[in-house]
Amino acid sequence: MKNVILYIPGSHGSFLKFLFDCYDQGKVLGFETTETGNWHAMKSQVYDTVCFDMANDYQRKMYASLTGDHEEYRIVFNTLEDFYYILQCVIDRGGYLSWHSGIELLEQSLDAYEKEYKVKTTYRQTIKDLYGYNDSRVPRFILRNLFILIFITHFNHNCWKLNNEFKSHGGNLIGLDEILQYKKLKQRIDLIFGRSLDFQDVHRHLLENNKPYAQRKKVREIINAVETGKDISIQGLNTISEAYICFYFEKKYYSINFALANDFFKTTKDIKMYIDHYPSYMRKPNNLFLEHWKIYNVK
């Protein structure tokens, strides 16, 4: 019986397929990834498991043409933070990106990003339509605001819609949180194959060679510091991470808007001061929160 892995872009479908191949062979196989941590380049000689990116029209058609008995597994996520991580992965190493960080390229030049990504995106047109900007080097505050918009309207994003579609199928769902935690993932795959395999070194490679994962850890630390009153320095965030922090606190407080210039907060104390002393006469929920009040429970 063939195993079929259906995945949302950025959810580590190729990595999971590699692990299934290892279990099929009863050993950890050789592997290599690109400098950005991309597993797409792996050319497996094991075909008992196939995987399909269900946001890709061609791969979706390939999946639809499958015949014969097979067992299906779908990778899903559960939180807005998971969606933030997925978005990071899609932009940073999606499309045909192999050797450069997509986020770093995007922050430097939209032309350079599109040249390496090689898959049509709507960023250029959206930036022109919503922000009146039409140059390759996009200011940091415009990118940040674009990503805040994506987070606020996450329910319209293809990855979110696919996730809901996957969950509607019920069984054999593998959570992103499982994939990112070695013990949980090993327990799950051991159960699927009825045997045990130590792949801790491979999993360590997934996490260590993973800029979106490192960004997620930083964001968690910063949000926790703000909420517990701890003052720490803020360094090394990309625009998506900055945007998620802004979205997180806009969603939490509703009436405080995080419309910033190019420079982001330097410390978590700065964020706490911004929240605590935001002018009372400027307090009003974001128009998108009001438009989608059923989702954000704004009254």
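I start with one aspartate: the side chain of D53 reaches the backbone nitrogen of A55 at 2.9 Å. Before going further, note that this is a predicted model. D53 sits in strand β2. Is D53 buried or exposed? Its relative accessible area is 14%, so D53 counts as buried, since the cut-off for buried is under 20%. Leaving aside residues up to four places away in sequence, D53 touches Y7, P9, Q59 and R60. There is also I8, which is 45 residues from D53 in sequence, while the two C-alpha atoms are 6.0 Å apart in space.

Next, a serine in a loop. S136 lies between α6, residues 123–131, and α7, residues 140–152. The side chain of S136 makes a polar contact with the side chain of S109, at 2.9 Å. With residues up to four places away in sequence not counted, S136 touches S109, L110 and D111. S136 has a relative accessible area of 15%, and therefore it is buried.

Now the aromatics. A pair of aromatic rings is described by the distance of the centres and the angle of the planes. How many aromatic pairs are there? The count comes to 28.

Y113 and Y117 form a stacked pair, 5.0 Å centre to centre with 25° between the planes. These two tyrosines are 4 residues apart in helix α5, residues 110–117, so about one helical turn separates them. An α-helix has 3.6 residues a turn, so residues three or four places apart point the same way. Both Y113 and Y117 are buried.

The other pair is Y244 and Y248, with ring centres 6.5 Å apart and planes at 50°, so this pair is tilted. Again the spacing is 4 residues, about one turn, this time within helix α13, residues 239–253. Y244 is at 6% relative accessibility and so counts as buried. Y248 is at 26%, so it counts as partly exposed. Y244 and Y248 belong to one aromatic cluster, whose members also include F77, F83, Y84, F151, W160, F247, F249 and Y253.

On to helix α1, residues 13–25. How far does α1 reach from its first C-alpha to its last? For its 13 residues the reach is 19 Å, close to the 18 Å expected at 1.5 Å a residue. In α1, 11 of the 13 residues are buried, so the helix is largely enclosed by the rest of the structure. The buried residues of α1 include K17 and D21, along with F15, F18, F20 and Y23. Just after α1 comes G26, with a positive phi of about 75°.

Last, two backbone angles outside glycine. K118, which is not a glycine, has a positive phi of about 65°. K118 is in the loop between α5 and α6, and its relative accessibility is 60%, so K118 counts as exposed. Y254 also shows a positive phi in a residue other than glycine, near 65°. Y254 is in the loop between α13 and α14, the latter being residues 268–276. Its relative accessible area is 26%, which means that Y254 is partly exposed.

That is what I have; questions are welcome.

Notes. Residues numbered from 1 in each chain as written. Predicted model: local features only at pLDDT ≥ 70, side-chain atom pairs only at ≥ 80, totals over all residues. Heavy atoms only, no water. Buried < 20%, exposed > 50% of the residue type's maximum accessible area, 1.4 Å probe, protein only. Contact = heavy atoms within 4.5 Å. Polar contact = N/O pair within 3.5 Å; in protein donor to acceptor, adjacent residues only side chain to side chain. Phe/Tyr/Trp six-rings, centres within 6.5 Å; stacked < 30°, edge-to-face > 60°. Expected span 1.5 Å × (residues − 1).
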